[in-house]
Amino acid sequence: MILLTFANIVLRQVWVPVRGTYEIMGFAGAVLTAFAMGITQKKKEHIRVDILFNKFPGKIKKILSAINAGICCAFFFVSGLYVAKKAYTLYEAGEVSETLRIAYYPFTYAVAAGCFLLAAVLLSDMLLAFSKDVNK
């Protein structure tokens, strides 16, 4: 994505920009973000505000962590279902991008897969919340 942006900027100076840069960047950004969500959750690198959470004893932290992971798991599972449904609608309609005429549905299915991946990681977090000691 960086190389494409750089090439587009340089080539724009000679009045020949890369055709479809905006579309490619949008597709790539959506897919990368969707798959990064699960990996980021697995590594525990999401931002979290735990000022109040740290005041609770360990057992309460475990319960709250499990509840939070369960709610988030359900949310992203349902989100994945709706995004997959939208992808199927795009497939049936034959929707393509304006400039490069690239089909939308594969990228939409990839975003749905990213949601399902995050839901799976959150499910494992929920189950692991009771099997480890939370001292944070």
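Leu-117 has its place in helix α4, in a model that is predicted. With a relative accessible area of 34%, Leu-117 is partly exposed, since the value lies between the limits of 20% for buried and 50% for exposed residues. Leaving aside neighbours within four places in sequence, Leu-117 is in contact with Phe-35 and Gly-38. Phe-35 is 82 residues away from Leu-117 in sequence, yet the two C-alpha atoms are 7.5 Å apart in space.

Leu-118, when neighbours within four places in sequence are set aside, is in contact with Met-37, Gly-38, Gln-41 and Phe-76.

Two packed helices are described by the angle between their axes and the distance between the axes.

| Helix pair | Angle between axes | Distance between axes |
|---|---|---|
| α2 (residues 21-42) and α4 | about 10° | 8 Å |
| α3 and α4 | roughly 165° | within 8 Å |

Because the angle of about 10° between α2 and α4 falls under the limit of 35 degrees, α2 counts as roughly parallel to α4. By class, the contact of α2 with α4 has 15 nonpolar, three polar and two charged residues.

For the other pair, the axes of α3 and α4 cross at roughly 165°, and because this is over 145 degrees, α3 counts as roughly antiparallel to α4. The crossing of α3 and α4 is left-handed, and by class their contact has 24 nonpolar, four polar and two charged residues.

Thr-108 is also found in helix α4. Its relative accessible area is 15%, and Thr-108 is therefore buried, the limit being under 20%. Not counting residues up to four places away in sequence, Thr-108 touches Val-83, Lys-86, Ala-87 and Leu-90.

The largest nonpolar core consists of six residues, namely Cys-73, Phe-76, Cys-115, Leu-118, Ala-119 and Leu-122. Helices α3 (58-93) and α4 (105-128) each supply at least two residues of this core, and α4 gives the most to it, with four residues. Leu-118 and Phe-76, both members of this core, are also in contact with each other.

Methods
Residues numbered from 1 in each chain as written. Predicted model: local features only at pLDDT ≥ 70, side-chain atom pairs only at ≥ 80, totals over all residues. Heavy atoms only, no water. Core = buried A, V, L, I, M, F, W, Y, C linked by side-chain atoms within 4.5 Å. Buried < 20%, exposed > 50% of the residue type's maximum accessible area, 1.4 Å probe, protein only. Contact = heavy atoms within 4.5 Å. Axes fitted to C-alpha atoms, helices over the stretch in contact; angles between N-to-C directions. Parallel < 35°, antiparallel > 145°, perpendicular 65-115°, else oblique. Left-handed = near helix turned anticlockwise from the far one by under 90°. Nonpolar A, V, L, I, M, F, W, Y, C, P; charged D, E, K, R; others polar.
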